[in-house]
Amino acid sequence: MGYCVKACRRLQRVWRIPLVVAALLHDIGETIAPDNHSAAAAAILRPYVSDRTHWVVQQHGLFQGYYYFHHVGADRNLREMFRDHPFYQACIDFCAKYDQAAFDPKIESRPLEFFEPMVRRIFDREPYAASKMTMGQRATADLGYARGAASS
Ligand SMILES: [Fe+2]
C-alpha cells in the first residue's frame, strides 16, 4: 500500500482528486484477482470516476508491462494495440509519471489518513449510473485533463 500512496502523492500535485483516489486504489484488485487486478480495481471505481480514469485504471496493468514484460518473455509493447484509443496517452502518462515512478524509494510518502477525505469525497458521490449525466459529461467530469495535467 505504501507504493500506491506514493503514486497518488505524485498525482495530487497535478491532477484532481478522482485520479488521486484512482492512483491510491489502482492495485486494490491484487489480493482478490492477481491475474486480473486492473479490471477488478476499475470495476470498483467505475460508478464514481470519468470514462478516462476508468480506462486508465482498467488498462494500467498492460501499459505497465512496458517496464517489465521483456524480462519475463513477453512483448513490452503490447500497449500499442491501443495506440489509436483516445485515452492511450493518458495511460502511458499515468504509468510513466506515477505508477512506475512510485517504485523510487526516494519518493516522499504520506500516511493513508491524509488521503481519507479524498476517498470519502469520491465514494460519497452519487454514482454516475444513478445520475442524469450524459456520457459526454461523464467523460470529462472529474479530471484535470482539459488543463493539460495528463501531459505535465
Ligand atoms: Fe497494477
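This is a predicted model: local features need pLDDT of at least 70, side-chain atom pairs count only at pLDDT 80 or more; totals for chains, interfaces and linings use all residues.
Student: What secondary structure does the protein chain have?

Tutor: Start with the elements, then their order. The protein chain has seven helices and zero strands. From the N terminus, the order is α-α-α-α-α-α-α.

Student: How much of the protein chain is buried?

Tutor: Burial is a matter of how many neighbours a residue has: 20 or more other C-beta atoms within 10 Å of its own make it buried. Of the 152 residues in the protein chain, 37% are buried.

Student: What share of the contacts joins residues 24 or more positions apart?

Tutor: Take the contacts with a separation of 6 or more. In the protein chain, 61% of these join residues 24 or more positions apart.

Student: At what angle do helix 2 and helix 6 pack?

Tutor: Angles of 65 to 115 degrees count as roughly perpendicular. Helix 2 (residues 17–25) and helix 6 (residues 112–123) pack at about 110°, so they are roughly perpendicular to each other. Their axes lie 9 Å apart.

Student: Which residues make the contact?

Tutor: Helix 2 contributes I17, P18, V20, V21 and L24. From helix 6 come F115, M118, V119, R121 and I122. By class, the residues of this contact are nine nonpolar, no polar and one charged.

Student: Which residues of helix 5 are buried?

Tutor: List them, then ask where they point. In helix 5 (residues 88–99), the buried residues are A90, C91, F94, C95, Y98 and D99. They cover an arc of only 130° around the axis, so they sit on the same side of helix 5.

Notes
Residues are numbered from 1 along each chain as its sequence is written. Helices (H or I, at least four residues) and strands (E, at least two) are DSSP runs, numbered from the N terminus. A residue is buried if 20 or more other C-beta atoms lie within 10 Å of its own, exposed if 12 or fewer, and partly exposed in between; C-beta atoms are placed from the backbone. Two residues are in contact if their C-beta atoms, placed from the backbone, lie within 7 Å. Axes are lines fitted to C-alpha atoms, for helices over the stretch in contact, and angles run from 0 to 180 degrees between N-to-C directions. Angles under 35 degrees count as roughly parallel, over 145 as roughly antiparallel, 65 to 115 as roughly perpendicular and the rest as oblique. Ala, Val, Leu, Ile, Met, Phe, Trp, Tyr, Cys and Pro count as nonpolar, Asp, Glu, Lys and Arg as charged, and the others, Gly among them, as polar. The arc is that of the directions from the helix axis to the C-beta atoms.
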